[in-house]
Amino acid sequence: MFVITLRFADKSRAPSLMDDHNAWIRKGFEDGVFLLVGSLQPAAGGMVVAHGATQAEIESRVQNDPFVAAGVVTAEIAEIVPARTDERLAFLRPAA
């Protein structure tokens, strides 16, 4: 799984790209890759939890975010290999 941190670099350009950014988020959920998306507080950017894709696929997806492409945010991708989870998140554990 991956945690993607999107930190504002040029917040002034965000409003003009918000519809396209939201479409990118919707596509991530429709594709079954995004599990959670939320805002970093206070108004510092956003975070995405993604699953079911390779590192290369996540990197490509992130580069296609209109906010990233336009320099509205900088992106950092961290890969996590879950070792322990609550049973509700058991689907995130790697296959044995």
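This is a predicted model: local features need pLDDT of at least 70, side-chain atom pairs count only at pLDDT 80 or more; totals for chains, interfaces and linings use all residues.
Residues are numbered from 1 along each chain as its sequence is written, and side-chain values use heavy atoms, with hydrogens and water left out.

Let me start with helix 1, which runs over 14-30; helices here are DSSP runs of H or I with at least four residues, strands are runs of E with at least two, and both are numbered from the N terminus. How far should helix 1 span at 1.5 Å a residue? Its 17 residues should span 24 Å, and the end C-alpha atoms are 23 Å apart, which agrees; the expected span is 1.5 Å times one less than the number of residues.

Which residues of helix 1 are buried? They are Ala14, Leu17, His21, Trp24, Ile25 and Gly28, where buried means under 20% relative accessible area, exposed means over 50%, and partly exposed lies in between, with a 1.4 Å probe and protein chains only. An α-helix has 3.6 residues a turn, so residues three or four places apart point the same way. The buried residues of helix 1 pack against strand 1, strand 2, strand 3, helix 2 (55-63) and helix 3 (66-69). Just after helix 1, glycine 32 takes a positive phi of about 75 degrees.

From helix 2 I would pick out arginine 61, which counts as buried because its relative accessible area is 17%. Contact means heavy atoms within 4.5 Å, and, leaving aside neighbours within four places in sequence, arginine 61 is in contact with residues including Trp24 and Gly28, both of which are among the buried residues of helix 1.

Threonine 5, in strand 1, counts as buried at 12% relative accessibility, and its contacts beyond four places in sequence include Leu40, Gly46 and Thr74. Glutamate 79, in strand 4 (residues 73-79), is exposed, with a relative accessible area of 51%, and beyond four places in sequence it is in contact with Met1, Phe2 and Gln55.

The loop between strand 2 and strand 3 holds proline 42 and alanine 43. The peptide bond from glutamine 41 to proline 42 is cis, with omega near -5 degrees, while alanine 43, a residue other than glycine, has a positive phi near 45 degrees.

Finally, what lines the largest pocket? A pocket is an open set of points on a 1 Å grid over the protein atoms alone, where a 1.4 Å probe fits and protein lies on both sides within 12 Å along at least five of seven lines, and lining residues have an atom within 4 Å of a point. The lining has 15 residues, of which His21, Ser39, Gly45, Gly46 and Phe67 lie nearest the centre. Strand 1, helix 1, strand 2 and strand 3 each supply at least two residues of that lining.
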